[in-house]
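Student: I've got a structure open on my screen and I'd like to learn how to read it. Can you walk me through it, one feature at a time?

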Amino acid sequence: MSDAQDDLWRDFPRTATEFEARFATEEDCRAYWIEARWGGEPACARCTSKRVWTIRSGTTFECAECGHQTSLTSGTVLEKTRKPLKLWFRAVFEISARRNGISAKDLQRIMGFGSYETAWTWLHKLRASMVREEREPLGPFVQVDEALVGGKGGPHKELVLLAAEANGRVRLAHAANNDATTLKRFADAQIAANAQVTTDGHAG
Ligand SMILES: [Zn+2]
């Protein structure tokens, strides 16, 4: 995939105020999409030419070189949708605003969908496209801890490192030991550099 799929939601509004201000119309949403997907310059999906013009009320581009028609959403999470971008963006906002998760039932209610199945499908599609955000390092307040897990009274227990955002996401990692190097590697991978980290006082 030549375009930056991972980055589709990178500059997406984080607050309701910003969301309302940026996405008042379907055209606003298209402008965001074109920026996120093509860096502002739509390109033909077949020959990558940037000599394209808009057809079908802005939902598709036709290539001046090869005549291929590229839909705004083709090859993306929103491929073949008949719903306005504005509706999808609203769903993205509602999902991303709830760090602790949102159920399909909740999404159905918030969006006013007639069917639970639609809500379920949207939720899973969008979540999958938003994984990048899920992978972002934890912050700004993070508690780091460790635990031994394994069979009750069994001879072998496994060490698990845990980092938890205040009221937010949690990361777990299986670790061979809890020395300073291992803990640092875990923290570097999971926690933002500027985060304020608290621990149970372990020397590591
Ligand atoms: Zn072309």
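This is a predicted model: local features need pLDDT of at least 70, side-chain atom pairs count only at pLDDT 80 or more; totals for chains, interfaces and linings use all residues.

Student: Is Thr60 buried, exposed or partly exposed?

Tutor: You count neighbours to decide that. Thr60 has 17 C-beta neighbours inside 10 Å, so it counts as partly exposed.

Student: Which residues is Thr60 in contact with, leaving aside its neighbours within four places in sequence?

Tutor: Those are Ile55, Gln69, Thr70, Ser71 and Leu72. Take Leu72: it is twelve residues from Thr60 in sequence, yet the two are 5.6 Å apart in space, C-alpha to C-alpha.

Student: Now the sheet. How do strands hold on to each other in general?

Tutor: Strands of a sheet pair through backbone hydrogen bonds, and the pairing can be parallel or antiparallel. Here, strand 1 (residues 52–55) pairs with strand 2 in the antiparallel sense, over four bridges. Strand 2 also runs antiparallel to strand 3 (residues 69–71), and three bridges join them.

Student: Which residues are the bridge partners of Phe61?

Tutor: Phe61 is the bridge partner of Thr54. In strand 3, the bridge partner of Phe61 is Thr70.

Student: What order do the strands have in this open sheet?

Tutor: The order is 1-2-3, with antiparallel pairing in an open sheet of three strands. Strand 1 and strand 3 stand at the edges with a single partner strand each, so one side of each has no neighbour in the sheet. On average, neighbouring strands of this sheet are turned by 30 degrees against each other, direction ignored.

Student: Where can I see parallel pairing?

Tutor: Go to strand 4 (residues 141–149) and strand 7 (residues 196–199), which pair in the parallel sense over four bridges. Gln143 stands opposite Thr198 in strand 7. Strand 4 also pairs with strand 5 (residues 158–165), in the antiparallel sense and over eight bridges. There, Leu148 stands opposite Leu159 in strand 5.

Student: Okay, helices next. At what angle do helix 3 and helix 5 pack?

Tutor: Helix 3 (residues 85–96) and helix 5 (residues 116–129) pack at about 75 degrees, with their axes 10 Å apart. That makes helix 3 roughly perpendicular to helix 5. On the helix 3 side you'll find Ala91, Val92 and Ile95, which meet Trp122, Leu123, Leu126 and Arg127 in helix 5. Sorted by class, the residues of this contact are six nonpolar, no polar and one charged.

Student: How does helix 4 pack against helix 5?

Tutor: Helix 4 (residues 104–111) packs on helix 5 at an angle of about 110 degrees, with the axes 8 Å apart. Helix 4 and helix 5 are therefore roughly perpendicular to each other. Helix 4 brings Ala104, Lys105, Leu107, Gln108 and Met111 to the contact, and helix 5 brings Tyr116, Ala119, Trp120, Trp122 and Leu123. By class, that contact of helix 4 with helix 5 has eight nonpolar residues, one polar and one charged.

Student: How many residues are in the largest nonpolar core?

Tutor: There are 14, and the ones with the most contacts inside this core are Phe89, Ala91, Val92, Leu107, Trp122 and Leu123. Helix 3 and helix 5 each supply at least two residues of the core. The largest share, six residues, comes from helix 3.

Student: Can we zoom in on Val92?

Tutor: Leaving aside neighbours within four places in sequence, Val92 is in contact with Trp9, Phe12 and Leu126. There's also a second, separate core of eight residues, including Leu138, Val144, Phe186 and Ala187.

Technical notes: Residues are numbered from 1 along each chain as its sequence is written. Axes are lines fitted to C-alpha atoms, for helices over the stretch in contact, and angles run from 0 to 180 degrees between N-to-C directions. Angles under 35 degrees count as roughly parallel, over 145 as roughly antiparallel, 65 to 115 as roughly perpendicular and the rest as oblique. Two residues are in contact if their C-beta atoms, placed from the backbone, lie within 7 Å. Ala, Val, Leu, Ile, Met, Phe, Trp, Tyr, Cys and Pro count as nonpolar, Asp, Glu, Lys and Arg as charged, and the others, Gly among them, as polar. A nonpolar core is a set of buried Ala, Val, Leu, Ile, Met, Phe, Trp, Tyr and Cys residues joined through C-beta atoms within 7 Å. A residue is buried if 20 or more other C-beta atoms lie within 10 Å of its own, exposed if 12 or fewer, and partly exposed in between; C-beta atoms are placed from the backbone. Two strands pair if DSSP finds at least two bridges between them.
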